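Q: Could you walk me through how to read ring clusters, and then the overall layout, in a structure like this one?

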Amino acid sequence: MNLTRTRDRGSFYCPQCGTTEFYRRRSRRPFLTLYFIPTVPVGAAEEFIQCDGCDATWDLSVLEMDRDSHEAAKEAQFKDEALRSAILTVLIDQQITPGEIDTLISLSNDLLQRPIDREELGQLCSIAVDNRIKPDHYILTVSRRWTQQQRRLALQIVFLAATADEPLDGPRLELLGRLREIFDLTDAEYQATIEEAIEQADAT
């Protein structure tokens, strides 16, 4: 049995709520029980922060971060996820061309402003191939926490990666069609986002 008790209270910036909320600093410790009565502690107490607003739990380090730090961390996470989405799109046919490698590096450095070199890109590609993750499943999962602006940028990244070095047909075309539904875009929003991506590609 785990026994939990509140040790302290205060306020903090909750990443889940996106606002300042009250929290409880709690400790949880496992006990052996005898007839459902906790008798002997069997491990060290684990401390965590629990938000009063959403009940989400966090490591104690969450108290050391302010709103700007959280937003910067979320933005960095989005950039990584958008890049991985583009990589999975390119690898949908289990291969990658030199032109696609150059495009992925350019997209990451220029549009995402996330510096990457060939060595890191190679490592990310190897991980993607080994794990056999389907791009639409991955994007569906990670995009739930993206803003609408981030979704449109990710769509542009994926489109430009998909059209980097090969005709747009087969699985890549099907994926792009599915993204309109995944990102909850209207036909007009989807078309405008793709057109903007094409204009950016023509300008570079």
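A: Start with the rule: rings of Phe, Tyr and Trp (its six-membered ring) pair if their centres lie within 6.5 Å, with planes under 30 degrees apart counted as stacked, over 60 as edge-to-face and the rest as tilted. Here, ring pairs link Phe78, Trp146 and Phe183 into a cluster. Keep in mind that this is a predicted model, where local features need pLDDT of at least 70, side-chain atom pairs count only at pLDDT 80 or more, and totals for chains, interfaces and linings use all residues. Residues are numbered from 1 along each chain as its sequence is written, and side-chain values use heavy atoms, leaving out hydrogens and water.

Q: How many aromatic pairs does that rule give?
A: The count comes to three aromatic pairs. Take Phe78 and Trp146: they are edge-to-face, 5.2 Å centre to centre, with 90 degrees between the planes. Phe78 sits in helix α1 (residues 67-90) and Trp146 in the loop between α4 (135-142) and α5 (148-162), 68 residues apart.

Q: And what is the geometry between Trp146 and Phe183?
A: That pair is tilted, at 6.0 Å centre to centre and 45 degrees between the planes. Trp146 is in the α4-α5 loop and Phe183 in the loop between α6 (170-182) and α7 (187-203), so the pair ties together parts 37 residues apart in sequence.

Q: Is Trp146 buried or exposed?
A: The cut-offs are under 20% relative accessible area for buried and over 50% for exposed, with partly exposed in between (1.4 Å probe, protein chains only). Trp146 is buried, at 6%, and Phe183 is buried too, at 1%. Phe78 is also buried. Across the protein, buried residues make up 34% of the 204.

Q: What order do the elements come in?
A: Elements are DSSP runs numbered from the N terminus: helices (H or I) of at least four residues, strands (E) of at least two. The protein has seven helices and five strands, running β-β-β-β-β-α-α-α-α-α-α-α from the N terminus on.
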